[in-house]
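Visitor: I have a structure on the screen and would like to learn how to read it. Where do we begin?

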Amino acid sequence: MSLYRNLMWFLKGIKEYTRDGYQLASRGFVVEDLVVSAVGRSFMITGANSGIGKETAMAIAKKGGTIHMVCRNKDKAEVARAEIIRESGNPEVHVHILDMSESSQVWEFAENFKRQYPSLNVLINNAGCIVNKREMNSNGLEKNFATNTLGVYILTQSLIPLLLKSRGPRVITVSSGGMLVQRLRPHNLQSLGGHFFKGARVYAQNKRQQVVLTEHWAKTNLVIHFSVMHPGWADTPAVSGSMPQFRQMMGERLRTAVQGADTVVWLALSGAAAATPSGSFYQDRKVIPTHLPMAWTHSSTKDVQKFLAQLDTLAQKTKPQPQPADPQPGSPTEPRRALEAQQLV
């Protein structure tokens, strides 16, 4: 069955995911969909210093939106920010430093952002990784899963209250068509066991998890428009770094990063996108199925519930515990703290 899935997916990809596929699909795009202004609206984009994330930030900045770039590398982020400001003429571009693979840091970042900013109209979960060797984060979680699934879950869940305060809230997650070859595996979120660790397979499983999450959020948060999308096979630094053989094989057939970002921008800005059903999976501005024909990748309700429960348990375990506040002068605990301090001298 996995051979059938992979063959069907690759044939579909050659036809649809390439640069030719984009050019064919773009003939049906409605130009007026993106004749909009984003002035007065704020957009958080993870992984915004290169590739699809950067092109998304650039396109929205040109429409006047306030951009919050969430990036791991400060130097690269500042270079990208300067370029976006220079080309868009929009100074409202802000850099935030965060490693999405570090679950506890994602919690802290989200809580700090909510305290600092009164609203957020659109969250774009773009950051992702393919780590081809098993690596763990500081919480002992496998890095692909921590970045692509748990980080997205923590950030989105934490920011939902802020999104609900904002006008026309949307959440867009950049997934991958690779998820079409994967069935949700709630019993093995850490990709344990097996004779070898395969980063691309783990990544595809994570992307299936993102689709399941989006469908869940759409059912439980009716005010926010949730979407998940496949950008096609785009020539980005992430692809060249993690999948060099694939990049070499595809060459000029790969989409540009601008083409890969097109549907993300459309989902973030257009009224046409907001009119489509929340929780859908998109490719080239259209809702598409989340399963290949006869691929046996559908998930049972039990599996989805198990996945969501385990995900929330892991998220809560990585949540930093609040530190007790220092006692105010005259409070009942002040004398006891003073006595403890004297005993330490």
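This is a predicted model: local features need pLDDT of at least 70, side-chain atom pairs count only at pLDDT 80 or more; totals for chains, interfaces and linings use all residues.

Visitor: In which sense do β4 and β5 pair, and over how many bridges?

Guide: Strands of a sheet pair through backbone hydrogen bonds, either parallel or antiparallel. Here β4 and β5 pair in the parallel sense, over 4 bridges. Strand β1, residues 42-46, also pairs with β4, residues 122-125, in the parallel sense, and that pairing has 3 bridges. Across it, Met-44 faces Leu-123 in β4, and Ile-45 stands opposite Ile-124.

Visitor: What is the order of the strands in the open sheet?

Guide: The sheet has 8 strands in the order β3-β2-β1-β4-β5-β6-β7-β8, and its pairing is mixed. The edges are held by β3 (93-97) and β8 (286-287); each has a single partner strand, so one side of each lacks a neighbour in the sheet.

Visitor: Which residues of β4 lie on one side and which on the other?

Guide: In a regular strand the side chains alternate between the two faces of the sheet. In β4, Val-122 and Ile-124 are on one side, while Leu-123 and Asn-125 are on the other. These four residues are all buried, and both faces of β4 are covered.

Visitor: Which strands does helix α3 lie across?

Guide: Helix α3, residues 51-62, lies across β1, β2 (66-71) and β4, and runs at about 165° to β1. Helix α10, residues 257-269, packs on the sheet as well, touching β1, β4, β5 (170-174), β6 (225-229) and β7 (280-283). The direction of α10 makes about 165° with that of β5.

Visitor: Which residues touch the most other members of the largest nonpolar core?

Guide: That core has 39 residues, and Met-44, Leu-150, Leu-155 and Leu-159 touch the most other members. Two or more residues come from each of α5 (103-116), α6 (143-164), α7 (199-220) and α12 (301-317). The largest share, 11 residues, is from α6.

Visitor: What does Met-44 touch, leaving out residues up to four places away in sequence?

Guide: Its contacts include Phe-109, Phe-113, Leu-123, Leu-155 and Leu-159. A second, separate core holds 32 residues, among them Leu-34, Ile-52, Ala-57 and Trp-266.

Visitor: How many aromatic pairs does the structure hold?

Guide: A pair of aromatic rings is described by the distance of the centres and the angle of the planes. The structure holds 11 such pairs. In one of them, the rings of Trp-9 and Tyr-17 have centres 6.4 Å apart and planes at 55°, so the pair is tilted. Tyr-17 is buried, with a relative accessible area of 0%.

Visitor: Why is the pair of Phe-109 and Phe-113 tilted?

Guide: The planes of these two rings are at 40°, and their centres are 6.0 Å apart, so the pair counts as tilted. Phe-109 and Phe-113 are 4 residues apart in helix α5, about one helical turn. Both Phe-109 and Phe-113 are buried.

Visitor: Which residues do ring pairs link into a cluster?

Guide: The cluster consists of Trp-9, Phe-10, Tyr-17, Trp-233 and Phe-246.

Terms used:
Residues are numbered from 1 along each chain as its sequence is written. Side-chain values use heavy atoms; hydrogens and water are left out. Two strands pair if DSSP finds at least two bridges between them. Contact means heavy atoms within 4.5 Å. Axes are lines fitted to C-alpha atoms, for helices over the stretch in contact, and angles run from 0 to 180 degrees between N-to-C directions. A nonpolar core is a set of buried Ala, Val, Leu, Ile, Met, Phe, Trp, Tyr and Cys residues joined through side-chain atoms within 4.5 Å. Buried means under 20% relative accessible area, exposed over 50%, partly exposed in between (1.4 Å probe, protein chains only). Rings of Phe, Tyr and Trp (its six-membered ring) pair if their centres lie within 6.5 Å; planes under 30 degrees apart count as stacked, over 60 as edge-to-face and the rest as tilted.
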